[in-house]
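Dear colleague,

Please find the structure below, together with its sequence.

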Amino acid sequence: MAPASPRLPLALKLLLTAFLAVMVPVYYQNYGPTNFLYFCDIALLLCFISLWTERALPASMAAVGILLPQALWCLDFLGELVGVHLVGLTAYMFDPNRSLFLRGLSFFHGWLPFLLVFLVKRLGYDRRALGAWTGLGWALCLGAYFFLPPAGTVMADPKIPVNINYVFGFDDAKAQTWLPGPVYLLGWMATLFVVCYLPTHLLLRKVFRQPAPPASATVAPAAAELA
């Protein structure tokens with residue numbers, strides 16, 4: 001039996017690999033290793049895994065986690081571009097203290113959601129993604145809250161991120177004060193699930209088919225019938 005042909009273009013795999021080969025060391029040098037704990041960076045790495053393995057679960061997880069936030073990123077960037085301030089997610093894209101090259105790499109926030117939709121369309125949407133991403137996202141929130149610099153921390157290099165994944169509020173310059181920190185954190189984690197993850201999961205489940213079973217799972221019953 002001839003091996004199944006790849007469902008994803010080799011050119012796309014090589015293109016994303018080349019992008020990561022540039023982005024990862026540049027981000028590491030400028031932003032430090034903790035920058036890779038942002039939801040969007042984790043989603044980009046899951047996208048890379050899904051491209052090369054052609055497994056639906058990594059792409060499905062990333063789609064559940066970041067499609068809505070990245071859509072907001074795109075809207076915020078377009079707003080800043082025409083002088084309309086929305087939520088300030090993309091203010092760093094207009095920071096003259098960051099090189100154009102460094103800011104240009106961050107444009108992956110704009111094309112990543114479209115790539116994820118393409119992958120889910122090709123590979124199918126794995127229903128396990130909601131639980132898998134929720135567990136991962138909540139673990140990232142807890143790790144950022146207990147082990148990483150909180151909002152308002154003055155870093156030797158101002159490009160090093162603080163308040164990763166907004167676990168101390170939406171202002172990196174100071175932590176929110178209208179709720180006790182742990183209460184805010186639990187509320188933020190619940191909000192991510194109810195407002196972001198669950199609706200995206202329900203939409204993807206409705207729009208896209210489930211992944212095709214592995215080839216071995218379809219060959220085995222056929223072989224049993226012939227026996």
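Helices α1 and α2 cross with a left-handed geometry. The contact draws on Leu-10, Leu-12, Lys-13, Leu-14, Leu-16, Thr-17, Phe-19, Leu-20, Met-23 and Tyr-27 from α1, and on Asp-41, Leu-44, Leu-45, Cys-47, Phe-48, Leu-51 and Trp-52 from α2. By class, the residues of this contact comprise 14 nonpolar, 1 polar and 2 charged. Two packed helices are described by the angle between their axes and the distance between the axes. Here α1 spans residues 10–31 and α2 spans residues 39–53; their axes come within 10 Å and cross at roughly 145°. Please bear in mind that the model is predicted.

**The chain as a whole**

The chain contains 8 helices and 0 strands, so that the order of elements from the N terminus reads α-α-α-α-α-α-α-α. Along the principal axes, the C-alpha atoms of the chain fill a box of roughly 70 × 40 × 35 Å. Of the 227 residues in the chain, 41% are buried. Where contacts in the chain link residues at least 6 apart in sequence, 69% of them join residues at least 24 apart.

**The largest pocket**

Rolling a probe the size of a water molecule over the atoms shows where empty space is left. The largest pocket has a volume of about 1,400 Å³. Its lining consists of 43 residues, and those nearest the centre of the pocket are Tyr-38, Leu-89, Tyr-92, Tyr-166 and Asp-172. By class, the lining of the largest pocket divides into 26 nonpolar, 11 polar and 6 charged residues.

Which helix gives the most to the lining of the largest pocket? Helix α3 does, with 7 residues. At least two lining residues each come from α1, α2, α3 (56–81) and α7 (181–207).

**A proline within a helix**

Pro-199 is located in helix α7. Is Pro-199 buried, partly exposed or exposed? Its relative accessible area is 34%, and Pro-199 is therefore partly exposed, as this class lies between the limits of 20% and 50%. Leaving aside residues up to four places away in sequence, Pro-199 touches Phe-193 and Val-194. The C-alpha atoms of Pro-199 and Leu-130 are separated by 10.0 Å, although these two residues are 69 residues apart along the chain.

With kind regards

Note on methods. Residues are numbered from 1 along each chain as its sequence is written. This is a predicted model: local features need pLDDT of at least 70, side-chain atom pairs count only at pLDDT 80 or more; totals for chains, interfaces and linings use all residues. Side-chain values use heavy atoms; hydrogens and water are left out. Axes are lines fitted to C-alpha atoms, for helices over the stretch in contact, and angles run from 0 to 180 degrees between N-to-C directions. Helices (H or I, at least four residues) and strands (E, at least two) are DSSP runs, numbered from the N terminus. A crossing is left-handed if the near helix is turned anticlockwise from the far one by less than a right angle, and right-handed if clockwise. Contact means heavy atoms within 4.5 Å. Ala, Val, Leu, Ile, Met, Phe, Trp, Tyr, Cys and Pro count as nonpolar, Asp, Glu, Lys and Arg as charged, and the others, Gly among them, as polar. On a 1 Å grid over the protein atoms alone, a cavity is a set of points where a 1.4 Å probe fits but cannot get out, and a pocket is an open set with protein on both sides within 12 Å along at least five of seven lines; lining residues have an atom within 4 Å of a point. Grid points are joined across faces, edges and corners, and a volume is the space filled by probe spheres set on the points. Buried means under 20% relative accessible area, exposed over 50%, partly exposed in between (1.4 Å probe, protein chains only).
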